[in-house]
Amino acid sequence: MTQYIIRRLLLIIPVLLGVLFLTFVLMYLVPGDPVLTMLGQHAEDDIIQRLRAELNLDAPWYSQFFSYLTRTLKGDLGRSYISRVEVTEALKQKLPNTFKLALAAIIVSTIMGIAIGVISAVFKNTWIDHLAMTFALFFISTPVFWFGMLLIYFFSMTLGWTPVSGMGEGSFNLKHLILPAITLGSRFAAFLARYTRSIMLEVISEDYIRTARSKGLKENVVILKHGLRNAMIPIVTVVGMNFASLLNGSVLTETIFAWPGFGRYLVTAIKKRDFQVIAGCVWVGALIFVFVNLIVDIFYVMLDPRISYD
Amino acid sequence: MFKTKILAIFFLLVFLLLSPVLMAEEAEYGGTLYLSNDTDWDTLDPAYASGFDAGEMAVKFYDGLVRFDFYSNKVVPALAESWEVTDNNQVFTFHLKSGVEFHDGTEFTAQDVKYTFDRLYDPEVASPGTWVFPMIKGTEAALAGESDSLSGVQVIDDYTVRFELEKPFGLFLTHLTLPYGLIVNEDLVDEHGEDFSQNPVGTGPFKFVEWEHDDKLIMEANENYWAGRPYVDRVVYRVIPQPLTDIAEFEAGNLDRTVIPNEERERWLNDEEWSDYITTIADLSTYYLALNSDFEPLDNPKVRDAIDYAIDSEAITHSLFPHYVAANDAIPEGMPGGTDVEIKGNTEKAKELLAEAGYADGFELDIWVSDGRTSVRVGGVLQALLGRVGIKVNLIKNDWSVFYNTVKNGNAPAYYLSWWADYADPYNFLNALYTTDRIPFNNEEINSILEEMVVTTDSNQRIELSKEIIRIAEEVGDPYIYLYHTSTSYVKQPWIKGDLYHQMYSADKLLTWWIDQDLKAEYQE
């Protein structure tokens, strides 16, 4: 197992180098200029040239790439061209916010999704199953933007139960987290319910389930211990992948709820061609994705003792 | 009896005259003002404050030598107590206020003024604001790295500073009201180094408390402010990117004032509960379609005229933005210097002109727009209007960065863009539009009138010169088709008093705003 983890960790290096290179190439090729964004409509040519030189944007591509590579590998993600804030400092603010939101969303969606999926599978083709799957279809098809505004209107404006937006005071404020987490998690919950249902239907028809039933085990033990546990491996993979992508920010939810997270930070930087920020975000995002994947792989062993990486 | 009546009428008149004074509420100190903005601020360093958002925020922390007055729309003293203008408008001697302190207690002196302007022209600082004061002697040498300090800014003593200009510049005082002219202190800039833009320390009415990017910016009243402390103790600015969320926060009572989204204006203006608390301000903006004569057939003045006739700005404004004003020239509402030129809007005449120019069957035209929702909507209407006279419009939609890069380099045959005032003078609009490198328009007569406008301090003459430029542009086939001027509607909570709204973004220091605490408590019960 240890060897497997070391091997996986070593494999991360070429992946991240590849990400660094691709990000740089994309930024270099994409049209648009951060200097013009910074200077506005008054930009005079000599000022543009001076600022480009100051930001090292007039250097040849390979020189820009190597200075970017060496700095990034040293852990220095540079400063935003536009705000001049250190990207590392900004990420220290944004990532915990995104982590809170992603974690809350994944908890809500996983519990809801698996529960509804299992119930649907158990009550296959009954009105419960049909109702659950209709709801699932509804939430998969619902635009995030509309659903978020609807929640604000109903829970914040009409009932006054939850705050409208923002993170509130202090480092953790559960009330502020509820609506964004539901908005962000609803679509995945719906997807997971459908996915869990189909996996569970497969598992329930297996011989060992019939054996378990014939041994006289209680139905809930059969379903939860023998059925769900065996269905968990593909479910954990999907949950893990989704968690990793949620950690890379959720622009729409963050925008609706004025949540100062990673997604908004990255998208604003892309609009302004703030290359330092884009590069820093993509690099950190890739790092998160790779590590979450590794953790998911390690989870497999815990869930299924038959899996061995040695 | 008659005498009693006269006396009664006299007292009634006196009462009526005095009633506004007697009834004026006494402003209260204290409380927190909750405001919002749709984007985070790029910087709080005046030397980089190129955008409206940054400039509007910088004036809360910093002061300039002079400022725009809310009521008279004139330049009035700020850190400078008085000034003399000598040598044919080329030498400005400012006498500074004494006893003014920066937020950390450092005393403000003439040295700070000198440092602010030297810093602005330091090539290493690479400020985007160098276009504002090129008339000061020594700026060219400083930018070229030949000198560390501007020869045209001289410290006479601790409270006197002299500016020498290369040539007379009638708008020098006006230019000093721009955020780039806000005064910073050298030691404080050095102390924070690259993080100075995140830690504003000025002489302004508010002290910086905290800034969580994309979330909120908090400031507190400067108790020692030289013009008297602001009424409110604190101001919390929240960053709320989505207008509908913003208005929901307002309705929930969490914001004290906000901008009504355009789509919602009709509903709010007709809502009896709120209509008394809404103020609409004409923005100093002009939206236009520019025609680049480097591209055929736009080099033909008749074709440009035909396009002008084909586009009815009244129709565009009515159909898309009923609360805006249709534009007939470059000068927005509320700014002197505009003309009463008629909005054309005549399809038949447009067709005639096209036929005379040899394009009776029309032609294809690429119009560049940015990907903002408004741009795309306006682009669609332009496409339809020009289609009526046989001009087939290809709308080329790109994100702002690509769009502006193309336009800036003169590669867009036609584009839809706007100009927003840096300061309230027609020169700012006419100079920006008719001497730009985005289109190859170069009219010697207009250029020489602009030169005259630069020099004169006579406001009546400036207005006449402005009208003259608009007239000449009309005659030679204006490369701009002016579409509309925008306005903004603000709504405030009933407990907010003393709220002033100004057309110039750089004039709002929130000094007069106060909160009626009892009324707020009553509403929130």
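Guide: This is a predicted model. Start with chain A: 23 residues of domain 1 of chain A touch 17 residues of domain 2 of chain A.

Visitor: What makes these residues count as in contact?
Guide: Contact needs heavy atoms within 4.5 Å. In domain 1 of chain A, 23 residues are in contact with domain 2 of chain A.

Visitor: Where do the two domains of chain A run?
Guide: The domain assignment gives 1-74 for domain 1 and 88-303 for domain 2. Their centres, taken over C-alpha atoms, are 32 Å apart.

Visitor: How much area do domain 1 of chain A and domain 2 of chain A bury between them?
Guide: About 1700 Å², with 79% of it on carbon and sulfur atoms. On the domain 1 side, A:Arg8, A:Leu16 and A:Met27 supply 29% of the buried area, more than any other three residues.

Visitor: Why is the link between A:Asp297 and A:Arg8 called a salt bridge?
Guide: The cut-off is 4 Å, from a side-chain nitrogen of Lys or Arg to a carboxyl oxygen of Asp or Glu. The closest N and O atoms of A:Asp297 and A:Arg8 are 2.2 Å apart, so the pair qualifies. The count between the two domains is one salt bridge.

Visitor: Now chain B. Why are strand β13 and strand β17 of chain B said to pair?
Guide: Pairing takes at least two bridges. Seven bridges join β13(B) to β17(B), so they pair, and they run antiparallel. One bridge sets B:Ser285 against B:Trp420.

Visitor: In which sense do β15(B) and β17(B) pair?
Guide: Parallel, over two bridges. There, B:Trp368 stands opposite B:Tyr415.

Terms used:
Residues are numbered from 1 along each chain as its sequence is written. Chains are lettered from A and ligands numbered from 1 in the order in which they are written. This is a predicted model: local features need pLDDT of at least 70, side-chain atom pairs count only at pLDDT 80 or more; totals for chains, interfaces and linings use all residues. Side-chain values use heavy atoms; hydrogens and water are left out. Helices (H or I, at least four residues) and strands (E, at least two) are DSSP runs, numbered from the N terminus. Domain bounds come from an automatic or database domain assignment. Buried area is the accessible area (1.4 Å probe) that two parts lose on being put together, summed over both.
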